[in-house]
Amino acid sequence: MTEIGDWLFDPYAFEFMRRALAVLLIVSVVGGVVGTYVVHKGLAFSGDALAHSTLAGVAIAFVNGANVSLGALIAAVATAIGIGWTQRQGRVSYDTAIGILFVAMFSLGILIISSRSSYTPDLFSFVFGNILGVSNSDLLGAALLGAGTLLFVLAFRRELTMVAYDPAMAATVGVPVRFFQYVLLVLIAVAVVVALKAIGIVLVNAILIVPAATASLLARQVQRIMLFAVVLAAVSSVVGLHISFHANVATSPAIVLVACALFAMTLVVTSRRRVVTAGS
Amino acid sequence: MRMRTMHEHGEAGNHELARDPLPPGHVHEEYALHVHDLWTGYPGQPPAIEEINFNVPAGEIVGLVGPNGAGKSTLFKSILGLIKPIRGEVHAFGKPVHEARADIAYMPQLEEVDWNFPVSVTDVVLMGRYRSARPFGRWTWTDREAAAEAIERVALTRFADRQAGELSGGQRRRVLMARAIARGAGLLLLDEPFAGLDAAVQHDLLEILDGLVQEGRSILLATHDLSCVASCSDDVVCLNRRVIAEGSPADVLTEEVLSRTFDRHLLTIGPLAAAAQGSPRGSLVFDEHNEGGGGT
């Protein structure tokens, strides 16, 4: 019992681990809530594109000595608006438009980074995630963005659901559909930025998709899926963080692998349950 | 009621012969819907619908029939303000349509709804109670009671907590019908409410429509199902980019008018007129000797 207690609580003797846990819990809440829309509106590719687009903002901010997280936020929001605008034009397919914006922004980021002769470890911590490098100001920024995202979703949950389910009808009853369609993309952009420093560009989309996908196997309504997704993301984060600490492996892949394992287990269990139900 | 056709009345438009002709600029409040010289299209393309004039009198069912591509959905979207008209006016209950939004309910085609999005039947029907965007808006008990009543009316109470996407096609239509009913609106716009329904479900739906009209509500329904229109509508508007004819089902659902509306020769058997007189539904077939298309 004591060994389990030590395994659980020893890591938090370190301040950086307490900060890591706090930021991961924020990421879990925001990722679970926004990820539910991502999964059920087929926006996984958009999430990936928004994550990769942050590299341009990160690189520009880094080169100019500006706040790197702010650079990431601006790049992600600008790309979100670009995706929304391109979709409205309807002249190229949605996927193609996202693909083009995605590679343009990512290439810009790589170009800027490659122009610097010296090694830039801070930039690479954004690419692969650096949970132990989360500062107090990073934590504060994540908390503020996370609270803003949650408040918005809570305040306009009816409108977001109506626009997601039936935009034509929503427009007829006075919901500003176009505004909320843009807002949904911006929310994904903000969620990506909240998780960026901890999880990294390469894997950040997983924290949006995997817990929400698992939750969708367990629940059938938006609010419950969000709740389950938040819990699953938090469990994945805590377990992944401990594995990372004790086994001395990278944190973000550990978290993502735990989340994927939970998905696989849930898929198997729910499939068997359905077979039993269908056969009974 | 006498049939009114574009052919009969030349380019002046059928609105001049609508019931109780109105002086220019006047909108009669007895009409739930008044569409006047409406032209609508998409940028860079010729108008999808032209010179549309018709009325939905209060407390009546008006059927809107026409082939695919005739502009029925475009007309609906124009009436609802989802597409800005090139010119023309739409009034509901004597007010410009954008001011009468609370008194109009819309039932879209099934394809327009994302059935994979995880919402319950009750969640969907509650959407009909939405009034305006405001932060932290909540459904009231009145909203919940209205939704439960509408769900009961379409006989889906035992599915109220079920995810809407798990229901069959006919049940999904009833969910959307319940949402339109829950709005408590005086005018219901129903886009293809009978599509894909078997005869028994169509019968149930017709009874629901009949009940709504008896409460004084007005209905404009777009459909391919001529036999349903014949048996349930007070008036029929035949549309093929323009209003081909407007009038009572017995007058309008004739071989000649339908052939012009559908751009092909149609034979009526049954006949439709008999259905229009209140007898069991008639049916309609394409002329085998003409274009050999499928039945409607």
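Student: What makes β2 (residues 31-40) and β3 of chain B a pair of strands?

Tutor: In this predicted model, six bridges join β2(B) to β3(B), and the two run antiparallel. Pairing takes at least two bridges, so β2(B) and β3(B), with six, count as paired. Within that pairing, B:Tyr31 stands opposite B:Pro57 of β3(B).

Student: Which sheet holds these strands, and what is the strand order?

Tutor: The sheet is an open one of four strands in chain B, ordered β3-β2-β5-β6 with antiparallel pairing.

Student: Why are β3 (49-57) and β6 (95-96) of chain B said to stand at the edges?

Tutor: Each has a single partner strand, so one side of β3(B) and one side of β6(B) lack a neighbour in the sheet.

Student: How many helices and strands does chain B have?

Tutor: Chain B has ten helices and 13 strands. Buried residues make up 46% of its 296 residues. Among contacts in chain B with a separation of 6 or more, 65% link residues 24 or more positions apart.

Student: How do you know how α5 (residues 94-114) of chain A compares with its expected span?

Tutor: The expected span is 1.5 Å times one less than the number of residues. For the 21 residues of α5(A) that gives 30 Å, and the first C-alpha to the last reaches 30 Å, close to the expected value.

Student: What makes the buried residues of α5(A) line one face?

Tutor: The buried residues are A:Ala97, A:Ile98, A:Leu101, A:Phe102, A:Met105 and A:Gly109. Seen down the helix axis, they fall within an arc of 130°, so they line one face of α5(A). Their cover includes α3 (44-63) and α4 (68-89) of chain A. On the other side of α5(A), A:Asp95, A:Thr96, A:Leu111 and A:Ser114 are exposed.

Student: Which residues have the most contacts inside the largest nonpolar core?

Tutor: They are A:Ile188, A:Val192 and B:Leu189, in a core of 169 residues. Helix α10 (residues 177-199) of chain A gives the most to this core, with 15 residues. Beyond its neighbours within four places in sequence, A:Val192 is in contact with residues including A:Gly47, A:Leu50, A:Ala76 and A:Val204.

Student: How many residues of chain A are in contact with chain B, and which element gives the most?

Tutor: In chain A, 23 residues are in contact with 21 residues of chain B. Helices α8 (157-165), α9 (167-172) and α12 (222-247) of chain A each supply at least two residues of that side. The most comes from α8(A), with six residues. By type, the side of chain A that touches chain B divides into 13 nonpolar, six polar and four charged residues.

Conventions: Residues are numbered from 1 along each chain as its sequence is written. Chains are lettered from A and ligands numbered from 1 in the order in which they are written. This is a predicted model: local features need pLDDT of at least 70, side-chain atom pairs count only at pLDDT 80 or more; totals for chains, interfaces and linings use all residues. Two residues are in contact if their C-beta atoms, placed from the backbone, lie within 7 Å. Ala, Val, Leu, Ile, Met, Phe, Trp, Tyr, Cys and Pro count as nonpolar, Asp, Glu, Lys and Arg as charged, and the others, Gly among them, as polar. A nonpolar core is a set of buried Ala, Val, Leu, Ile, Met, Phe, Trp, Tyr and Cys residues joined through C-beta atoms within 7 Å. A residue is buried if 20 or more other C-beta atoms lie within 10 Å of its own, exposed if 12 or fewer, and partly exposed in between; C-beta atoms are placed from the backbone. The arc is that of the directions from the helix axis to the C-beta atoms.
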